[in-house]
Amino acid sequence: MADAKTIAHWLNNATFTGAGATAPVTAPVTNPATGAVTGEVLLASVEDARAVIDAAAAAYSEWRDTSLAKRTQVLFRFRELLNARKEELAAIITAEHGKVLSDALGEVTRGLEVVEFACGIPYLLQGGFTENASTAVDVHSVRQPLGPVAVISPFNFPAMVPMWFFPIAIAAGNTVVLKPSEKDPSASIWLAELWAEAGLPAGVFNVLQGDKTAVDELLTNPKIKAVSFVGSTPIAEYVYRTGTAAGKRVQALGGAKNHAVILPDADLDLAADAMVNAGFGSAGERCMAISVCVAVEPVADELVNRIAERTRTLRTGDGTKGADMGPLVTKAHRDKVASYIDAGEREGAKVVVDGRGVQADGGADGFWLGPTLLDNVTPEMSVYTDEIFGPVLSVVRVQSYDEALNLINSNPYGNGTAIFTNDGGAARRFQNEVEVGMVGINVPIPVPMAYYSFGGWKASLFGDSHAHGAHGVHFFTRTKAVTTRWLDPSHGGINLGFPQNN
Ligand code: NAD
């Protein structure tokens, strides 16, 4: 505890420890590989939240009027600094989230892609122009920023998920308040410092640490014009309802239960590798993790053998020491995930590989749970119905493609899915028929590139905008159509009729 640091808010390009006279409320931040408390994060009061929102509001008009050329220069500098120092950020992520370093670096790289996309903002903001729409009348459209916007992010991608949103929001001329997860808040402050170093003016990028109190202020404060949220489905729905009721534009990405279908003609080695990577990467704490492997008979026995063989070779341990898989984010989450394995076993699933007694290469008090493979899972079991968000891969055996498709389409979530096959016709049918927002064909984690948009369907997304790509530009701007007449030889005098084009 002696070394525990305070993780504060960020306002006007400096740390901010709160607006109130009383001592701030804090929550502990742990290193999941050791169980040690490494920091105390401030939890904002309503007054703290208002101070940060006010800073974002005060900076807006000047940033909005800053030329695209100047905004873009800051973006490019931020991109260069982030690229040069991404290992530093990866180490911060591993220390608070637990994911292994190579995975943390992958997260930063995917965020960097969005920064690179946002560097093209002058092109992305181009409007349209129609000459002579009516006689001597021209029409053009422009895209303008919204104002101060909020980004509320989950624990599992403390750098990438905020970067799905804020580079585009800032490039488009908005100012931002980021409310990161209280479980791993340090990445947000590192990013804020980097923005300052890149020359972003004070107040354009701000960080508000906290919990529900902070979120509720962001959702209801009239100065915040839009909210981008990523997290679990119940909170996403709450954020969407509350934010839109307050008149804001809201995109709220929720939870997931991603299925991968393995058809009998698939390359089973490729499929088994993919199931292990997508099931256990980041200890299953990814919204695009595969948690259900749907084996279309007669391949289930062989597939389960191959997945089990590979799973047994995985090394669970401290993410800084070369392990394949790190710990879970908190002890409470570790215990909850383990309880799902207990429940699955009680309900009749076969525990083929059991992670509950894992010997991890890490601290004795780390939040360890090894990769777990369950076979003969059925749709009634809680291990199937619930989003577990841990290293538990369930195999459901089905007799046909139609049965597999029906399972996915009747699931309440629709974030990601994949099919493994060598049959192009079957793959084409699947991508057409499946009711899921992101589809992989022989690709287990089909996370779209920055210039496409990321988002699920059904209970995996509330709102109609996905993250980044064209949707991101659309979300963070509003359009204005301007009709102009300069030279009109016959303006027609007084006429109270509705204008008609001629
Ligand atoms: P969470 O819903 O617990 O928290 C997300 C954010 O909401 C955090 O900033 C948190 O402080 C805040 N929050 C928590 N409870 C709140 C409440 N009662 N009122 C207001 N705000 C509240 O999610 P998490 O555990 O941090 O992240 C894991 C979840 O996020 C999983 O369900 C995962 O599938 C989902 N996720 C989805 C995507 C996607 O793109 N769809 C991406 C990453 C994570």
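This is a short tour of one serine and several salt bridges, to follow in your viewer.

Before you start, note that this is a predicted model, in which local features need pLDDT of at least 70 and side-chain atom pairs count only at pLDDT 80 or more, while totals for chains, interfaces and linings use all residues. Residues are numbered from 1 along each chain as its sequence is written, and side-chain values use heavy atoms, with hydrogens and water left out.

**Stop 1: Ser460**

Select Ser460, which sits in the loop between strand 21 (457-458) and strand 22 (461-462). Helices (H or I, at least four residues) and strands (E, at least two) are DSSP runs, numbered from the N terminus. Is Ser460 buried or exposed? It counts as buried because its relative accessibility is 0%. Buried means under 20% relative accessible area, exposed over 50%, and partly exposed in between (1.4 Å probe, protein chains only).

Now show what surrounds Ser460. Leaving aside neighbours within four places in sequence, Ser460 is in contact (heavy atoms within 4.5 Å) with Ala252, Leu253, Gly254, Gly255, Ala256, Tyr413, Gly414 and Asn415. Zoom in on Asn415: its backbone nitrogen lies 3.3 Å from a polar atom of the Ser460 side chain.

**Stop 2: salt bridges within helices**

How many salt bridges does the structure hold? There are 29. A salt bridge is a side-chain nitrogen of Lys or Arg within 4 Å of a carboxyl oxygen of Asp or Glu.

Select Glu113 and Arg110, a salt bridge whose closest N and O atoms are 3.2 Å apart. Both belong to helix 4 (residues 101-118), and because they are 3 residues apart there, about one helical turn separates them. Glu113 is buried, at 17% relative accessible area, whereas Arg110 is partly exposed, at 25%.

Next, pick Lys212 and Asp216 in helix 8 (residues 212-220), where the two are 4 residues apart and separated by about one helical turn. Their closest N and O atoms are 3.1 Å apart in a salt bridge. Colour Asp216 as partly exposed, with a relative accessible area of 22%.

**Stop 3: from helix to loop**

Select Glu345 and Arg356, which form a salt bridge with closest N and O atoms 3.0 Å apart. Glu345 lies in helix 12 (residues 331-346) and Arg356 in the loop between strand 15 (350-353) and strand 16 (372-375), so this pair ties together parts 11 residues apart in sequence. Glu345 is partly exposed at 41% relative accessible area, and Arg356 is partly exposed at 22%.

Technical notes:
A polar contact is a pair of N or O atoms within 3.5 Å; within protein, one must be able to donate a hydrogen and the other to accept it, and residues adjacent in sequence count only if both atoms are side-chain atoms.
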